[in-house]
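Please read them with the structure open.

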Amino acid sequence: MKMTVRSDLCRGHGRCYDLAEDFLEDDDEGFVTVRGQTVDVPADHAEDVRNAAASCPEGAITIIEA
């Protein structure tokens, strides 16, 4: 599984890194650090990342199932 965070949609609400705190981090401005990237999601973080994507009010997170 992979995930991508669209930097043009992310507004820094912080729900994603609150729900997937063992995988996602925030930067100095309060945005998730993987904005604008596609990253591999380890299997043990998949559920948290799915929850994070579902909670994003902007719909900035896309899950890519492999």
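**Notes on salt bridges, cysteines and the cavity**

1. Arginine 50 has a relative accessibility of 38% and so counts as partly exposed. Its partner in a salt bridge is glutamate 65, with the closest N and O atoms 2.9 Å apart. Arginine 50 sits in helix α2, while glutamate 65 lies in the segment after β3 (61-64), so the pair ties together parts 15 residues apart in sequence. Bear in mind that this is a predicted model.

2. How many salt bridges does the structure hold? The count is four. Another of them joins the side chains of aspartate 40 and lysine 2, at 2.9 Å from N to O. This pair links distant parts of the chain: lysine 2 is in strand β1 (residues 2-5) and aspartate 40 in strand β2 (residues 38-40), 38 residues apart. Aspartate 40 is exposed, at 53% relative accessible area. Lysine 2 is partly exposed, at 36%.

3. Arginine 35 and aspartate 27 also meet through their side chains in a salt bridge, at 3.8 Å from N to O. The cut-off for a salt bridge is 4 Å. Arginine 35 is partly exposed, with 27% relative accessibility. Aspartate 27 is partly exposed too, with a relative accessible area of 23%.

4. Helix α2 (residues 46-55) also holds aspartate 48. Aspartate 48 is partly exposed, at 30% relative accessibility. Leaving aside residues up to four places away in sequence, aspartate 48 touches Leu19 and Ala20. Its C-alpha atom is 11 Å from that of arginine 15, which is 33 residues away along the chain.

5. The disulfide count is zero. Cysteine 56 is in no disulfide either; its nearest cysteine sulfur is that of cysteine 10, 6.6 Å away. Cysteine 10 is buried, with a relative accessible area of 10%.

6. There is one cavity of 30 Å³ or more. The largest cavity has a volume of about 100 Å³. Its lining has 14 residues, and Cys10, His13, Gly14, Cys16 and Cys56 lie nearest the centre. Helix α1 (residues 15-19) gives the most to this lining, with three residues. By type, the lining residues are nine nonpolar, three polar and two charged.

Technical notes: Residues numbered from 1 in each chain as written. Predicted model: local features only at pLDDT ≥ 70, side-chain atom pairs only at ≥ 80, totals over all residues. Heavy atoms only, no water. Helix = DSSP H or I, 4+ residues; strand = E, 2+ residues; numbered from the N terminus. Buried < 20%, exposed > 50% of the residue type's maximum accessible area, 1.4 Å probe, protein only. Contact = heavy atoms within 4.5 Å. 1 Å grid on protein atoms, 1.4 Å probe; cavity = no way out; pocket = protein on both sides within 12 Å on 5 of 7 lines; lining within 4 Å. Points joined across faces, edges and corners; volume = space filled by probe spheres on them. Nonpolar A, V, L, I, M, F, W, Y, C, P; charged D, E, K, R; others polar. Disulfide = S-S within 2.5 Å.
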